[in-house]
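Hi,

Here is the structure I promised to pass on. Have a look at it first, then read my notes below.

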Amino acid sequence: MRPSRLLTALGGYPLVLLVVGAATAILLPFRSVLSPAQVMLLYVPIIVGLARSSGVRASVAAAVAATLAVDLLFVPPYYHITVASPVDWVTLVLFLGVAVAAGLQTGRMRQRERAAVQRQREIALLNRLSSRLVSEESVESMASSIVHEVVAVLGADRAALFVRTPGDSSELLAQAGAPEAGLTEHALADWVIRNDKAVALPSSEDVPVELRPVTVAADEALSGTVADGTFVPLQTPDGLEGVLYARPLAGAGLHRGGTRQLLAVANLAAVFLERRRLEQAAAHSNALRESDRLKATLVSSVSHELKTPLAAVMARVTGLIEEGEGCDAARVQSELAAASEDLHRLDSSIRDLVDVSRLESDAWRPKPDLYELGEVLGTVAERIPVSQRARVTFEVPPDLPEVWVDFAQLARAIYNLVENALLYTSVEEPVTVGARVLGGDLLVWVEDRGPGIPEEEKQQVFEKFYRGSTSGPSPAGTGLGLAIVREIVRSHGGHVWVDDVQPSGARFVLSLPLGGTAT
Amino acid sequence: MNIPNTPSPERSPRILVIDDEEQIRRALRSILQARHYRVDTAATGEEGVSLAMDHTPDLIILDLTLPDISGLEVAAQLRVWYEGPIVVLSVRDADADKIAALDLGADDYLTKPFSAGEILARIRAHLRRTSGTEASVRVITAGNLVIDLAKRAVTVAGRPVHLTRTEFDILALLARYADRVVTSRMLLEQVWGPDYASDTQTLRVHVSHLRQKIEPAGGVPRYVLTEPGVGFRFVGDQEEHS
């Protein structure tokens with residue numbers, strides 16, 4: 001407890017007796033050399049000091065106590081209220097008057113000073129919060145600033161911010177200070193949301209009536225409940241956004257001016273919650289538009305990627321049936337081999353579509369374990385068609401640490417990159433798979449000597465259904481391979497990007513945290 | 001695809017296909033009959049179990065998604081008395097089902113869609129093993145790797161490689177079951193004994209050492225591949241299945 005709090009707790013009067021008594025004890029030995037007037041003069045600074053530290057009432061009490069002390073101990077006859085000379089009466093009365101006046105004046109100054117300090121604090125608080133509000137901070141950090149400021153500046157023991165849910169109940173967004181004490185907090189917050197009234201908001205003379213929300217006592221809101229704090233509805237012109245709750249320290253109220261400050265913070269919090277709601281609505285409608293666009297692309301891509309190989313197979317097979325028995329065996333073989341290739345393409349397109357939708361709907365969560373990168377690359381290497389295998393070299397240092405990954409997903413991601421590199425470069429060009437540790441990350445890359453990726457497409461290549469715009473040959477594919485890579489790497493807490501290779505070529509780099517953050 | 005070791009019709013192995021999809025049953029029937037296997041087909045689990053009891057097949061192909069009882073349940077029921085190979089068919093990425101099927105005693109699994117080459121290779125491998133014709137295999141060769149099971153000797157590109165007893169046992173077991181997934185549990189039970197069936201960490205360490213000795217430099221295994229969550233698979237000499 002700070003000293004000023006201690007003084008407040010003493011209620012002023014014991015302190016007054018203590019200080020006046022001590023001063024009297026010090027002055028008493030000099031009674032023979034000091035005149036009563038001089039003694040009175042010496043009491044004045046003490047009374048002014050008490051006025052500064054403990055307020056008007058204490059200073060008046062001190063003035064009375066000092067007058068009594070002078071009367072009893074310094075004006076003859078000692079130890080009697082009565083005095084010998086009528087002039088001394090006048091002096092005593094004058095002293096009392098001056099002392100009270102000095103105390104009153106000082107006390108008022110003290111009040112004004114305090115109010116000014118309080119105002120300053122309040123303005124600083126509002127400045128801090130409003131500058132955060134415009135600085136596009138994240139929802140979490142803004143919400144937590146609000147409740148922390150309420151605790152720190154308003155001297156609350158606990159503060160909580162509730163947001164209104166679409167179902168008209170309250171949802172806790174942030175809290176600070178002591179933990180929730182009872183079960184009624186949430187129920188009362190719900191009540192405030194539904195009734196748009198404050199609960200247990202202390203009245204305050206410095207808040208104009210029209211700015212004060214309608215307030216009720218806790219047991220008026222929910223019978224049988226006792227509010228240990230104040231619930232303020234967060235109103236904006238568009239309606240109610242949430243509830244701000246502040247619980248004062250046990251036994252003490254909020255700071256002086258607390259009601260006004262709480263309402264000021266509540267206004268800001270309301271603006272913040274309104275902005276948050278509007279942003280969410282905007283994001284949602286963007287997501288809807290994006291998802292509509294993707295659905296349209298999906299339908300066209302699906303119909304193209306699935307129907308093309310199917311049409312080819314159908315044409316070949318019905319062709320063979322048409323030709324009947326007379327068909328030459330070598331031709332049957334070659335037609336069937338071609339049909340089989342088309343079917344593989346169909347299978348891989350279906351696989352891409354299924355995987356991308358599983359990744360996006362979170363139905364394919366990583367199931368990580370500790371593996372050596374080499375093990376994963378062994379599986380990747382085995383998947384490469386035998387005819388292409390000689391083009392791919394693996395340059396992996398032998399002493400790589402184990403990584404915490406989903407084996408199947410990582411193998412899929414690296415294989416997609418290798419497959420892309422093989423597809424987009426000509427058959428005599430090599431493809432290199434490499435790896436190294438950089439800081440806390442494992443880098444794995446797939447490098448080719450093809451035309452490379454133009455600067456402006458380096459981001460877009462990872463978008464769904466994006467097909468390179470370059471004039472070169474555009475091999476068959478769903479345009480989902482790299483999107484799948486990005487989703488997989490993301491779910492492992494890593495990144496993927498593409499670099500240039502000199503003199504020409506592209507290097508796709510996966511960076512995976514070695515600590516492992518796959519969820 | 002040429003047709004080696006085509007069995008003669010009268011002594012030809014009998015294969016039971018349990019799959020609810022008519023197209024798969026038809027395709028397998030025609031592929032297998034073309035290789036002179038005798039084929040029974042069942043569309044439900046119960047039908048499959050009763051057919052298996054009527055004519056004990058030499059091999060069972062079992063789809064895991066069946067309309068009446070689950071394929072896993074069928075595998076468990078069959079395993080009580082049936083000792084022949086069971087090859088499980090599953091859709092892609094149903095890893096948990098695959099592992100469960102292997103643990104219940106299925107011998108192998110194949111992911112749909114599969115090529116005729118793949119399934120025929122598995123069938124031949126399993127039938128060789130159960131018919132005892134495999135017992136004479138003394139030396140297994142894959143790429144540069146030669147494993148002499150009788151002499152317990154291994155060479156890579158002609159150079160002898162020294163393996164510890166455990167490493168050799170692991171390699172020999174994997175190579176005998178080449179191109180099939182061998183579960184960690186099976187490796188642990190056969191190499192260390194039944195009490196060690198869950199010590200996969202130890203197994204991983206030994207496999208890692210084994211790889212350092214037999215795999216090509218560069219840390220990317222070619223012979224012993226990891227089957228995540230299941231076990232390991234030895235890659236024999238490869239033929240392109242397509």
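Predicted model: local features only at pLDDT ≥ 70, side-chain atom pairs only at ≥ 80, totals over all residues.

Residues are numbered from 1 along each chain as its sequence is written, while chains are lettered from A and ligands numbered from 1 in the order in which they are written.

Start with α3(A) (residues 36–54) and α5(A) (residues 86–134), which pack at about 20° with axes 8 Å apart. (Helices are DSSP runs of H or I, at least four residues, and strands are E runs of at least two, numbered from the N terminus; axes are lines fitted to C-alpha atoms, for helices over the stretch in contact, and angles run from 0 to 180 degrees between N-to-C directions.) That angle makes α3(A) roughly parallel to α5(A), a label for angles under 35 degrees. Among the residues that meet are M40(A) and Y43(A) from α3(A), and F95(A) and A99(A) from α5(A); being in contact takes C-beta atoms, placed from the backbone, within 7 Å.

Next, the axes of α12(A) (residues 407–424) and α13(A) (residues 481–491) come within 9 Å and cross at roughly 150°. The residues making this contact include L417(A) of α12(A) and I484(A) of α13(A).

Finally, 19 residues of chain A are in contact with 14 of chain B. On the chain A side, α11(A) gives the most, with 7 residues.

Cheers

Note on methods:
Parallel < 35°, antiparallel > 145°, perpendicular 65-115°, else oblique. Contact = placed C-beta atoms within 7 Å.
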